[in-house]
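Hello,

Here is the structure we talked about. Please open it alongside this note.

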Amino acid sequence: MNIDIQTIRKLAHLARLEFDETKEQEMLQDLNKILDWMDKLRELDTSAVEPLTHMSEEVNVLREDVAFNAISHEEGLRNAPKKDSDYFRVPKVLD
Amino acid sequence: MDKEILDKYQPIIGLEVHAQLLTNSKAFTADTTEYGSLPNTNISAITLGHPGTLPRLNKQAVDFAIKMGLATNCEITRTNIFARKNYFYPDLPKGYQITQDKTPICQKGFVAIQLADGQEKNIHITRIHMEEDAGKSMHLAGETETLVDFNRAGVPLIEIVSEPDIHNSDEAYAYLVEIKKLVRYLDICDGNMEEGSLRCDANVSVMLKGADKFGTKVEVKNMNSFRNVQRAIDHEIERQIAMLEAGETIESETRGFDANTGLTSGQRSKESMNDYRYFPEPDLTPLVISDEWLDRIHRQMPSLPHELYAKFTKEFGLPEYDANVLTDTKEIAEYFDQVCQHTTNYKAASNWVMGPVKSYLNELALHVSEFPLQPAQIAEIISLVDSNKINHTAATRNIFPHLVKNPATMALAAAEELNLIQESDDNALVGFIDQVLQNNPKKVAEYKAGKTALVGMFMGEIMKLTKGKADPKTTNKLLQEKLKAL
């Protein structure tokens, strides 16, 4: 499978990444290499194999429903680039 | 729009309902889920999406999701993998929402709804999956920036997705009523649409009747009440039919409903929509529901509205209307059910609960749990009326108000104290009747001359004389006999 420069641009937009033209070409080649490798893997019949979603065998790592606020309002807002006394402030977004 | 034109088309509707779960803490962290806290106080490093933090699943949220699945006749998925739904929006700190994609915890269920003609219809449930809520963005007028509050970010939700089995807005309404009843009976969500703890999006399409392919569907959002869901669907059906009639093509898009105008307007077309790039969430272990776990939830299931409805109509012989009113909330239904453990006059119990009990609660805006009288006390009043010790009017006007003020009193003691034990002793009553007739010779003469309506006036006088304690049935019978014999 091969992808084109348009796909690279779409993926970059979805991931909010910006590439200049040289980087774009690099990405294109890298991604195509990865996809070629995927194609190679696909030659193997995996129809009877469960997908490996997790590396660990562990299941059901759960919490009891006990509530407490781990950090204060001030601590939460401390690293925000923009804030006021109540809210995080971000550039205006509308749906 | 012309009914004839509307009738040519078949609307097809599917609903997606988000229900905020009533857990104490969030889905993947311990922050409290309390509604109405000061902005950005129910937060943690996990909620804010700080690097290096790891989510951990709230067991209670899973219990709640399974309960909803059992209540809607779903199959419960035994091995669950969480997924990341990726998109950028300021109210989503991690840049992805943790949800379930390939393995929704509940699948293939149904909810029975009641149609206007009394018929039942099953609305099938495609899936119910667990996910987390986003924060809240505020775009205030005059502000050049958007304000974000993360208190709600990470609050557990279930999304209940129906099959496109719904054919008009009345069915959509009935379905939502049923979903709300279920989540409230299960005590897993408060069901408040105005406050956003229950949210509904509608997928609406229309096709010519008899067509074998659905029309292009449009997703309608932004409805904050059951009534507005109904209005939005009605409007959307008409809009689409008008377009098709004019030879236009319907585009797949998301439209927002405006409650002020009753109209929907385009928000974004599906083509330019996000590509969510779902993939398994590596930070959460798989969730495996064992037989034991499922059995435990089965044992915790309360009686559900349709079960109580069946009991009230079939076992107690109540009219459908009564059963509907009584099963509207779990608390009223349970209270009524308890009254019926102390009396077999089920209809009287129903009248008492639907009437005086509910009015009292409404007037004082109280919850059933705050109602001062025990179910047995209501049953005792019923038995006093049934045995003719007090009449119904005295019971509702005097005994009931007295008892709610003095809940430790027995109904019989109250009746005695208020001097309401009625005279049903024939001899005593005859004495009162004679007295009234003797005091009103003129009226008696008029009666004999044919003015039979005066019976009512005589009854009134007797009631006055006995201070309302005369048993009306016996008195009336004795009075009629007396008058005939004159």
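Below is what turned up, starting with chain B and ending with a helix of chain A.

One caution before the details: this is a predicted model.

Chain B overall

Chain B carries 16 helices and 17 strands. Its radius of gyration is 31 Å, while the globule rule gives 23 Å for 486 residues, so chain B is more spread out than a compact globule. Along the principal axes, the C-alpha atoms of chain B fill a box of roughly 95 × 55 × 50 Å.

Inside and contacts

Of the 486 residues in chain B, 50% are buried. Now take the contacts in chain B with a separation of 6 or more: 68% of them join residues 24 or more positions apart.

Surface and charge

Helix H1 of chain A

This helix covers residues 5–14 of chain A. Which of its residues are buried? They are Ile5(A), Ile8(A), Ala12(A) and Leu14(A). In an α-helix, residues three or four places apart point the same way, because there are 3.6 residues a turn. The buried residues of H1(A) pack against helix H2 of chain A, which runs over 21–42. Look just past the end of H1(A) too: Arg16(A) has a positive phi there, about 55 degrees.

Best wishes

Conventions
Residues are numbered from 1 along each chain as its sequence is written. Chains are lettered from A and ligands numbered from 1 in the order in which they are written. This is a predicted model: local features need pLDDT of at least 70, side-chain atom pairs count only at pLDDT 80 or more; totals for chains, interfaces and linings use all residues. Side-chain values use heavy atoms; hydrogens and water are left out. Helices (H or I, at least four residues) and strands (E, at least two) are DSSP runs, numbered from the N terminus. The radius of gyration is taken over C-alpha atoms; the globule rule is 2.2 Å times the number of residues to the power 0.38. Buried means under 20% relative accessible area, exposed over 50%, partly exposed in between (1.4 Å probe, protein chains only). Contact means heavy atoms within 4.5 Å.
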